[in-house]
Amino acid sequence: MPEEAKLRYDLRGLKCPLPVLKTRKRMENMTAGALIEIETTDPLAVVDIPHFCNEDGHRLEKAEPVSGGHRFVIRKKT
């Protein structure tokens with residue numbers, strides 16, 4: 001079974017609160033249930049991104065460390 005398509009969004013180099021603000025803006029026009037994968041180097045993203053998902057009703061599908069930062073996969077609320 002092929003991997004589900006997701007929008008990739010590179011937010012490396014941005015500091016808090018920009019990763020959350022830019023992710024929120026990018027997700028506005030996405031369809032419900034769509035996936036977005038973001039990468040960030042902001043150390044506070046491990047707190048901010050899960051909080052953003054919880055507050056806005058999105059589902060954090062995956063959070064993992066990567067070289068120099070973190071990767072998150074978020075499913076837009078339905």
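Residues are numbered from 1 along each chain as its sequence is written, and side-chain values use heavy atoms, with hydrogens and water left out. Because the model is predicted, local features need pLDDT of at least 70 and side-chain atom pairs count only at pLDDT 80 or more, while totals for chains, interfaces and linings use all residues.

Helices (H or I, at least four residues) and strands (E, at least two) are DSSP runs, numbered from the N terminus. Helix α1 spans residues 18-27 and helix α2 residues 45-56; their axes come within 10 Å and cross at roughly 40°. Axes are lines fitted to C-alpha atoms, for helices over the stretch in contact, and angles run from 0 to 180 degrees between N-to-C directions. Angles under 35 degrees count as roughly parallel, over 145 as roughly antiparallel, 65 to 115 as roughly perpendicular and the rest as oblique. α1 and α2 are therefore oblique to each other. On the side of α1, the contact (heavy atoms within 4.5 Å) is made by Val20, Thr23, Arg24 and Met27, and on the side of α2 by Asp48, Ile49, Phe52 and Asp56. These residues divide into four nonpolar, one polar and three charged, where Ala, Val, Leu, Ile, Met, Phe, Trp, Tyr, Cys and Pro count as nonpolar, Asp, Glu, Lys and Arg as charged, and the others, Gly among them, as polar.

A salt bridge is a side-chain nitrogen of Lys or Arg within 4 Å of a carboxyl oxygen of Asp or Glu. By this rule the count comes to eleven salt bridges. One of them joins the side chains of Asp56 and Arg24 (3.0 Å, N to O). Asp56 lies in helix α2 and Arg24 in helix α1, so this pair ties together parts that are 32 residues apart in sequence. Accessibility is classed as buried under 20% relative accessible area, exposed over 50% and partly exposed in between (1.4 Å probe, protein chains only). Asp56 is partly exposed at 21%, and Arg24 is partly exposed at 34%.

Glu37 meets Lys6 through their side chains (3.8 Å, N to O); Glu37 lies in strand β2 (residues 35-40) and Lys6 in strand β1 (residues 6-10), so the pair ties together parts that are 31 residues apart in sequence. The side chain of Glu37 also meets that of Arg71 in a salt bridge (3.7 Å, N to O). Arg71 lies in strand β4 (residues 69-75). Glu37 counts as buried at 10% relative accessibility, whereas Lys6 and Arg71 are partly exposed. A network of salt bridges links Lys6, Arg8, Glu37, Glu39, Glu64 and Arg71.
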